[in-house]
Amino acid sequence: MIQSETLELLEWPRLCQQVAEFAETPLGILGAQNLPIPGTLGESQTLLRQTKEVESLSNSLNPNWKFTGVADCRQSLERAAKGGMLTGAELLEIAQTLAGARRLRRVIEEQEETPTLAALVADLRTYPDLEQEIYHCVAEDGQVADRASAKLGELRGQSRRLREQIYQKLQSIIQRQGNALQETVITQRGDRYVLAVKASHKEQIPGVVQDSSSTGATLYIEPKGTLDLGNQLRQNRRQEIREEEAILRALSEKVGERREDLDHLLTVATQLDLANARLRYSLWLGANPPRFIPPEEPITLRQLRHPLLVWQHRRQDGPEVVPISLTIDPRIRVVTLTGPNTGGKTATLKTLGLAALMAKAGLYLPAKEPAEIPWFAQILADIGDEQSLEQSLSTFSGHIRRIGRILDALPPGDPYGSALVLLDEVGAGTDPVEGTALAIALLNHLAETAQLTLATTHYGELKALKYQDARFENASVEFDEDTLAPTYRLLWGIPGRSNALAIAQRLGLPQGILDQAKVRLGGLREDVNQVIAGLEEQRREQESKAGEARRLLEETEAFHRELLTKAESLQRRERELKQQQEEEVQRAILEAKAEIARVIRQLQRGTPSAQDARQATQALAQIQHSQKAAPPPQGYLPQIGERVRLANLGQTAEVISLDSGEVTVKLGLLKMTLPLADIESLDGKKAAPPPPKPAPMAPPAQTSKAPILLRSEKNTIDLRGSRVDAAESLLEEAIRQANDFGALWIIHGKGTGKLREGVQAFLDRHPQVNRHESAPREEGGAGVTVAFLN
């Protein structure tokens with residue numbers, strides 16, 4: 001099939017091998033070596049979401065996101081389903097796979113932003129009971145454990161005792177008949193315990209000869225005294241084996257009953273490992289997630305690199321990879337790619353083809369963001385090494401047959417179908433005139449039937465298609481004539497030159513031959529080449545100017561960052577000074593409060609009178625006067641045309657205008673409006689707006705007396721425990737006595753609030769009470785009411 005041929009031509013299997021190196025499970029490695037290409041857009045989007053969600057899991061640095069223990073148990077499951085008996089090691093693999101899958105599912109369920117992976121593991125059954133039973137019955141070395149059954153434990157206990165008895169008897173023989181032995185050690189032949197006896201002394205140790213050395217000088221004899229014990233041990237061991245097999249068969253039967261669920265578990269674990277491998281490979285490439293775009297949006301692939309060349313550069317010390325940039329208008333259906341041999345035309349085709357395949361398979365693309373590409377239903381290619389001089393009709397025929405299969409694969413009656421077609425050296429291998437005509441007809445047909453076609457060519461006539469049909473576009477690969485080497489850069493909108501004569505001249509071909517070739521080319525062909533050369537020169541000039549513009553932009557941005565840094569530093573300093581001023585004010589307030597408390601304590605030490613109250617009032621007035629801040633000095637006001645210093649920037653500028661606390665200055669080519677506070681004179685005076693004119697003072701209101709809010713025993717009454725009717729008479733007397741103090745503190749407590757309501761209702765009706773309010777929190781809060789007296 002042409003699809004399989006395309007994968008081979010684009011070297012997709014090589015890329016799959018590279019992805020497989022990032023997989024962690026045996027099944028993941030096998031799956032990555034043959035990454036499937038989805039047949040629908042929905043499948044590709046699901047794979048891409050899986051890759052992105054695995055990236056979210058990896059970024060969470062959860063130590064449990066690992067595939068340890070997940071094994072390839074397919075053959076074991078198949079044998080168990082058919083009634084076969086699994087070994088202890090195989091059962092352990094199954095238990096470890098269950099534990100690993102459960103760990104992965106738990107990590108996914110704990111992460112919020114993984115809906116696709118959560119749906120994948122939602123119906124996963126990990127059978128913790130089966131896992132625990134396997135761990136209970138099978139030891140870490142894969143052998144059935146003594147605890148697997150009571151019978152097995154008893155049989156193994158008997159076997160140990162029998163072996164101990166055999167060892168004791170054999171040790172006794174060694175001590176008595178040591179001169180008859182080649183070696184004073186106990187050894188085994190099969191399941192029988194024997195001694196290495198010299199052949200010349202075999203009569204000294206009667207028994208059964210189980211084996212002999214190659215020279216016959218040593219006989220391995222099981223002494224007569226241990227024969228019965230050995231027979232008992234053999235029988236006991238047979239019973240052990242039968243019991244072990246019964247245990248393994250029971251476990252294997254349980255595994256076989258769950259074969260379908262366990263197969264599904266392996267599939268899910270493999271999909272998770274493949275998503276993890278896709279992510280790790282993508283991050284290794286420095287790739288970014290693609291976005292599938294509708295046909296009406298342009299293809300955008302900036303700084304796209306060939307993934308196989310990146311691998312070659314990093315792993316095999318290959319040359320640096322030169323990226324290409326593709327921005328293709330949606331109206332363009334065919335791009336003809338021209339330029340010299342070995343210039344990178346074929347590599348461009350393969351790079352785009354691999355990028356389309358990678359996006360479909362859920363991989364990130366080795367390009368800068370945004371990486372935007374359509375979802376191509378089919379990716380079809382005819383790529384081969386057609387740069388040899390030894391071209392023949394058979395080669396041309398091979399290409400034509402492959403192009404025929406490509407045309408057959410395009411859906412009939414589907415104009416602008418969602419197919420990407422890549423053709424290398426279209427129409428080559430035959431007569432240039434006929435090849436050109438065939439190539440033009442083929443590209444016109446593909447413009448009607450494929451969404452996008454990229455075709456490389458050396459035929460000049462194909463370059464003119466752009467000017468005849470808006471669906472065609474030209475591109476070329478750059479060639480440095482001075483070094484006779486390709487730069488591998490892709491140039492859009494400019495047709496390329498083969499540069500055959502220039503290369504031949506640089507390589508020393510006689511000038512006479514070159515002159516004849518130029519004559520045969522004709523003046524028109526030379527004029528076209530000159531036009532193309534002029535376009536390339538203009539492009540280089542534009543690139544140079546664009547580079548200079550980028551440099552200036554970078555310098556401007558650096559200057560802007562420097563200004564922002566200085567501004568932030570000054571704002572931070574201003575905040576610190578403001579905080580320091582606030583701390584000083586708070587300190588002054590605390591000192592004033594302390595002084596006020598001292599005056600109050602002085603009043604409370606004796607019997608306060610009105611005269612004492614007046615003296616206290618005067619003391620408080622002195623405290624208030626001492627705490628008043630001095631008026632700020634009038635600041636410097638700049639004049640229009642004056643040179644001033646910008647404090648935030650450390651630069652000097654010229655004042656253009658002044659307006660209500662703001663100043664407009666000119667700094668080089670820049671104009672900016674700043675607060676006056678950011679301006680200072682060249683000798684360091686801070687600028688500030690002129691102080692506002694003071695408003696006329698209103699005449700002080702005539703009051704009979706100012707209230708003195710000083711609390712003492714004389715103007716404080718405690719009504720807690722009193723009824724409302726009794727409290728009213730007490731309040732009447734207290735108001736009369738506290739009249740000279742201007743305020744009365746009434747302690748009624750919180751309780752149910754009935755007494756407070758009754759007290760405040762009485763105060764509302766009393767003619768001598770101006771107003772009342774709850775006391776400050778430090779003086780009782782809602783449990784104390786302060787009444788201000790007329």
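Which side chain meets Lys254 in a salt bridge? I looked this up and found Glu133, at 2.6 Å from N to O. A salt bridge here is a side-chain nitrogen of Lys or Arg within 4 Å of a carboxyl oxygen of Asp or Glu.

Source notes. I am working on a predicted model, in which local features need pLDDT of at least 70 and side-chain atom pairs count only at pLDDT 80 or more, while totals for chains, interfaces and linings use all residues. I number residues from 1 along each chain as its sequence is written, and side-chain values use heavy atoms, with hydrogens and water left out.

Entry, Lys254 and Glu133. I placed Lys254 in helix 10 (residues 227–257) and Glu133 in helix 8 (residues 128–137). The two residues are 121 apart, and their pair links distant parts of the chain. Helices (H or I, at least four residues) and strands (E, at least two) are DSSP runs, numbered from the N terminus. I noted Lys254 as partly exposed at 29% relative accessibility and Glu133 as partly exposed at 28%. On this scale buried means under 20% relative accessible area, exposed over 50%, and partly exposed in between (1.4 Å probe, protein chains only).

Entry, other salt bridges. I read a total of 39 salt bridges in the structure. Glu21 pairs with Arg315, with the closest N and O atoms 3.4 Å apart. This pair also links distant parts of the chain, 294 residues apart: Glu21 lies in the loop between helix 2 (12–20) and helix 3 (26–33), and Arg315 in helix 12 (residues 307–315). Arg315 is partly exposed, at 42% relative accessible area. I then checked Glu297, which forms a salt bridge with Arg291 at 2.8 Å between the closest N and O atoms. Glu297 is partly exposed at 28%, and Arg291 is partly exposed at 39%. I also found a network of salt bridges linking Asp146, Arg156, Arg160, Arg237, Glu240 and Glu244.

Entry, strand 2. I turned to strand 2 (residues 192–198), where six of the seven residues are buried. Strand 2 pairs with strand 1 (residues 181–189) in the antiparallel sense over five bridges; two strands pair if DSSP finds at least two bridges between them. Across this pairing, I found Leu181 opposite Val197 of strand 2. Strands 1 and 2 form a hairpin with two residues between them, and Gly190 in the turn has a positive phi of about 70°. Strand 2 also runs antiparallel to strand 4 (residues 218–223), joined by four bridges. There I found Lys198 opposite Thr218 of strand 4.
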